[in-house]
Amino acid sequence: MSNINVNRWRVNRRQVLRGAGVSLALPLLNAMEKPSLYAAPRPADSPAKRSVFLYIPNGVNTLTWQIEKAGTDYEFSDPMKSLERHRAEVTPISGLHHPMVIGKHHNCDKVWLTGANVPADGGAFRNTVSADQLMAEVQGASTRFASLELAIEGHSLAWSRDGIPIPAERNTRTVFNRLFGVESRSKSEVRRQLNRRGSILDAVSDDANRVLRKLGTEDRSKLDEYLTAVRQVEVRTARAESWLEIPKPKIEPSEEAHLTRKLDMSQVTEYYRLFFDLMVLALRTDSTRVITCMICSESNGGAIPDIGISQTRHGLSHHNGDPEQLRRLTATDTFLVEQYSYFLDQLKAHQDNGAPLLDTTQVLWGSGMAYGHSHGNANLPTILAGGKALGLKHGQHVDFNLPQIGKYDVTNSEGHYRICSRPVDGNARLSNLLLTMLQRMDVEVDRFQDSVAPISEILA
């Protein structure tokens with residue numbers, strides 16, 4: 001009988017919720033609360049703690065990527081050679097995996113920071129909150145922007161507590177203007193516009209409750225996603241109003257000219273570095289303390305004409321063992337690490353209370369896939385950097401595979417691919433690393449998703 005009641009009732013596409021002179025196309029869920037990351041700004045009462053997450057798609061050429069010795073006396077593999085100058089500030093990690101994602105290559109990018117369980121058939125799923133957003137709830141209360149979501153190509157890595165993607169910005173000029181641009185309208189005009197938006201959802205709550213009682217579980221979930229997105233717009237609006245009286249940071253004209261240049265993907269190196277420079281400036285000015293950036297898309301991004309590579313990383317990753325394709329994949333791996341090294345250069349070059357900005361910034365670089373040819377997603381390529389003032393230590397290769405396998409043999413491609421497809425150590429979980437980073441950011445959690453424990457090897 002309940003199925004009949006659910007299936008016979010339908011919402012007209014033009015139906016609206018009405019109340020107090022306003023209307024909205026869909027209903028409100030009463031359980032929606034304004035999350036703490038949108039709280040009004042408060043004076044900083046502790047040293048700034050920062051986190052940046054950088055995602056590369058489709059894994060790497062794991063045969064040339066793998067570091068073969070653990071501990072401090074290791075050699076960077078060829079694609080990672082540019083990190084040698086940062087040896088004391090970085091930790092390559094081997095053997096991590098997301099248990100909930102193993103064998104399910106779909107949506108690796110979407111769950112990199114959430115660890116959400118992906119359906120085996122690769123179908124639609126409801127994500128969970130990403131680690132960066134939990135950090136933003138704690139550290140973002142002191143900054144104009146709780147977090148900054150960027151994508152050079154692709155989409156956002158950040159997901160709200162309701163499992164809703166937080167849109168990423170891909171236009172560098174838009175990012176600069178949002179962070180540092182002068183508002184063309186007066187404060188009173190901006191405030192009037194913000195107030196006009198009001199809380200439409202609150203006004204239509206009675207009608208929303210009536211509609212919700214008639215919806216089935218699947219429809220309620222869909223409407224929940226939509227309404228959460230609407231609520232996020234409203235609470236961001238409230239946050240924007242609370243910062244109206246606080247001037248944006250002043251930027252030198254030369255720096256503004258540099259950061260607002262019009263570049264595109266035909267100049268990949270400069271384009272990538274423009275994003276990294278923007279991120280550094282956002283952290284330097286304490287405009288935000290939490291940043292996510294997808295470097296390029298899992299499906300169709302990653303061509304690098306600067307070094308003569310026109311294929312996407314997705315195409316290169318499906319190499320079928322072709323030596324030339326593998327060579328090109330290694331070249332793109334090398335290029336991406338070089339850009340990461342450039343970012344670390346900039347974080348080390350700028351001071352924060354007498355110490356390098358990198359010391360108060362932990363930076364995670366990696367992928368949700370080990371290699372793309374067979375969608376292996378164990379032994380994820382992972383590099384952690386910075387955060388010494390947050391209690392992290394570096395200068396070693398942390399390897400969770402070697403205690404069980406003894407040594408690597410990358411000349412045996414089939415054997416090494418198995419290591420990158422099925423975890424050697426079931427407890428070596430990416431969620432352990434995310435838990436460790438969350439605790440460094442003062443997020444009071446003992447567990448994140450399927451984590452087992454923090455990674456003690458990286459704690460000072």
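How close do the axes of helix 5 and helix 11 come, and at what angle do they cross? They come within 11 Å and cross at roughly 10°, which makes helix 5 roughly parallel to helix 11. Angles under 35 degrees count as roughly parallel, over 145 as roughly antiparallel, 65 to 115 as roughly perpendicular and the rest as oblique. Axes are lines fitted to C-alpha atoms, for helices over the stretch in contact, and angles run from 0 to 180 degrees between N-to-C directions.

This is a predicted model, in which local features need pLDDT of at least 70 and side-chain atom pairs count only at pLDDT 80 or more, while totals for chains, interfaces and linings use all residues. Residues are numbered from 1 along each chain as its sequence is written, and side-chain values use heavy atoms, with hydrogens and water left out.

- Helix 5 covers residues 172–180; helices (H or I, at least four residues) and strands (E, at least two) are DSSP runs, numbered from the N terminus.

- Seven strands form an open, mixed sheet in the order 5-6-3-9-10-4-11; two strands pair if DSSP finds at least two bridges between them.
- Strand 5 and strand 11 (398–399) stand at the edges with a single partner strand each, so one side of each is left without a neighbour in the sheet.
- Strand 3 (residues 50–55) pairs in parallel with strand 9 (residues 361–366) over six bridges, and Ser-51 stands opposite Gln-362.
- Helix 4 (residues 131–139) packs on the sheet, touching strand 3, strand 5, strand 6 (290–294) and strand 9.

**Strand 6**

- Five of the five residues of strand 6 are buried: Val-290, Thr-292 and Met-294 point one way, and Ile-291 and Cys-293 the other way.
- Strand 6 runs parallel to strand 3, joined by five bridges, and parallel to strand 5, joined by four bridges.
- Ile-291 is the bridge partner of Val-52 and also stands opposite Leu-148.

Note on methods. Buried < 20%, exposed > 50% of the residue type's maximum accessible area, 1.4 Å probe, protein only. Contact = heavy atoms within 4.5 Å.
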